[in-house]
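Please examine the sequence and the structure displayed below.

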Amino acid sequence: IPGLVGSTPIQNVGAYGVEVGQFIARVRTWDRKEDAQRTFTADQCGFGYRWSRFKEDLGRYLVIDVSMQFLLGSLSLPVAYAQLAERLGVEPGQRANSRKVRETVLTIRGSKGMVLDPDDHDTWSAGSFFTNPIIPPDQVPDGAPAFPQPDGRVKTSAAWLIDHAGFHRGFALTHDAAASLSTKHVLALTNRSSASSDDICALAGAVIDGVHDRYGITLVPEPRFVSCTPAHGGLA
């Protein structure tokens, strides 16, 4: 997963059924508002799906260090992600050797262009660009994945929505565009040569509009934008 240790608690980065918040014990920060250090224990971090108190009050806290508590022993957490369980040869909910889980995750991520390779432009990205929408059950399109959530809503797949809205692997706004969807995974927006932030935002905006027009669902980007914002409905 692209990024640095300090950014992971802000986003509560996760993949394949596991989030970093499950392993964080403490986060030490510099509070820009109070001009002082402040340490948060895991229960004070407000972790949720791609969410934390640091993201809620974005820009206030500079993460200085992160203390983690990992499992003792050689077995992983129960494997919740079906594709990962299949590759490991276990049933969902079973555990596997942690080293094998890590190696298998890296292999799967690599096959989707999600492990940096300077020679592979499909890896020139910020990783998964959109969060998976969490919506009422009656808004899930026919055939789309649906994962029940504790509040009664369901999580569906942003990649499924993008692909079925007509934005397939390698989609670009023009044949010679500097930015395109990855040729390996539609959830990654990639830099093919010298793409600017405006190029990425234009591509993201087209995908957001296309999915909304087809399914009435508005995709939300994961990255934080500095110099531009993807437009939806013509509004920047």
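In which helix does Cys 201 lie? Cys 201 lies in helix α6, residues 197-215; helices (H or I, at least four residues) and strands (E, at least two) are DSSP runs, numbered from the N terminus. The model is predicted, so local features need pLDDT of at least 70 and side-chain atom pairs count only at pLDDT 80 or more, whereas totals for chains, interfaces and linings use all residues. Residues are numbered from 1 along each chain as its sequence is written, and side-chain values use heavy atoms, with hydrogens and water left out.

**Surroundings of Cys 201**

- Cys 201 counts as buried because its relative accessibility is 7%; buried means under 20% relative accessible area, exposed over 50%, and partly exposed in between (1.4 Å probe, protein chains only).
- Apart from neighbours within four places in sequence, Cys 201 is in contact with Phe 225, Cys 228, Thr 229 and Pro 230, where contact means heavy atoms within 4.5 Å.
- Cys 201 and Ser 98 are 103 residues apart along the chain, and their C-alpha atoms are separated by 38 Å.

- Strands of a sheet pair through backbone hydrogen bonds, either parallel or antiparallel.
- Strand β3 (residues 24-31) pairs with strand β5 (residues 61-68) in the antiparallel sense over seven bridges; two strands pair if DSSP finds at least two bridges between them.
- Within this pairing, Arg 26 has Ser 67 in β5 as its bridge partner.
- Strand β4 (residues 36-41) runs antiparallel to β3 and is joined to it by six bridges, and Arg 38 in β4 is the bridge partner of Thr 29.
- The hairpin formed by β3 and β4 has four residues between the strands, and Asp 35 in the turn has a positive phi of about 55°.

- Two bridges join β7 to β8 (residues 154-155), and Phe 147 stands opposite Lys 155 in β8.

**Lining of the largest pocket**

- β5 supplies three residues of the lining of the largest pocket, which is the largest share.
- The lining residues divide into 25 nonpolar, 15 polar and nine charged; Ala, Val, Leu, Ile, Met, Phe, Trp, Tyr, Cys and Pro count as nonpolar, Asp, Glu, Lys and Arg as charged, and the others, Gly among them, as polar.
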